[in-house]
Amino acid sequence: MGLTNSSVGRSASQGGFEATDLPVIALAGNPNVGKSTVFNALTGLKQHTGNWAGKTIELCSGKCKKEPWQLVDLPGCYSLSPRSREEAVARDFLKERKPNAAAVVLDATCLERNLNLAIQILEVNKKAVICVNLLDEATKKGIQIDLDELSLYLGVPVVGTAARSG
């Protein structure tokens with residue numbers, strides 16, 4: 001359970017975050033929105049993904065394959081006012097380590113529930129991008145999201161993904 005050498009391809013010591021000279025991008029979002037799947041797609045690592053509370057409590061970091069960035073996959077959380085260890089780890093990283101930017105992963109099938117955390121993160125870190133994931137699942141449910149309108153509303157870039165299928 002959690003991060004292991006075999007699941008991420010290296011040690012997750014020190015909470016899985018190893019400081020480098022690269023700009024640090026924090027991947028944040030509610031549990032089960034596909035953060036680890038996005039992380040794996042961008043880094044080529046094989047972080048273990050799961051759909052249960054407490055699965056990821058530590059941080060995991062890796063170098064982006066196509067850009068000179070260090071990505072840090074934060075534990076899933078619903079708020080920056082922590083009620084669990086996972087939320088405290090995510091909040092502390094965002095507020096104390098001050099990453100260069102945040103990529104906030106949202107679930108396109110239940111966007112309203114995810115926006116509370118996104119807005120809290122935007123208050124802490126103005127350098128952010130919103131990643132609306134699971135667009136393929138939203139389409140199956142007849143949900144359409146105007147990504148350009150969402151970008152205008154939030155004041156940051158918004159991209160759509162279906163990370164599982166690349």
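User: By class, what does the lining of the second largest pocket have?
Analyst: This is a predicted model, where local features need pLDDT of at least 70, side-chain atom pairs count only at pLDDT 80 or more, and totals for chains, interfaces and linings use all residues. Residues are numbered from 1 along each chain as its sequence is written, and side-chain values use heavy atoms, leaving out hydrogens and water. A pocket is an open set of points on a 1 Å grid over the protein atoms alone, where a 1.4 Å probe fits, with protein on both sides within 12 Å along at least five of seven lines; lining residues have an atom within 4 Å of a point. With Ala, Val, Leu, Ile, Met, Phe, Trp, Tyr, Cys and Pro as nonpolar, Asp, Glu, Lys and Arg as charged, and the others, Gly among them, as polar, the lining has two polar, four charged and 17 nonpolar residues.

User: Which residues are closest to the centre of that pocket?
Analyst: The space in there is about 530 Å³, a volume filled by probe spheres set on grid points joined across faces, edges and corners. Out of 23 lining residues, the closest to the centre are Val38, Leu42, Trp69, Cys131 and Val159.

User: Is Thr139 buried or exposed?
Analyst: Thr139 sits in helix α5, residues 135-140 (a DSSP run of H or I, at least four residues, numbered from the N terminus). Its C-alpha is 9.0 Å from that of Ala108, 31 residues away along the chain. Since exposed means over 50% relative accessible area (1.4 Å probe, protein chains only), Thr139, at 56%, is exposed.

Methods: Helices (H or I, at least four residues) and strands (E, at least two) are DSSP runs, numbered from the N terminus. Buried means under 20% relative accessible area, exposed over 50%, partly exposed in between (1.4 Å probe, protein chains only).
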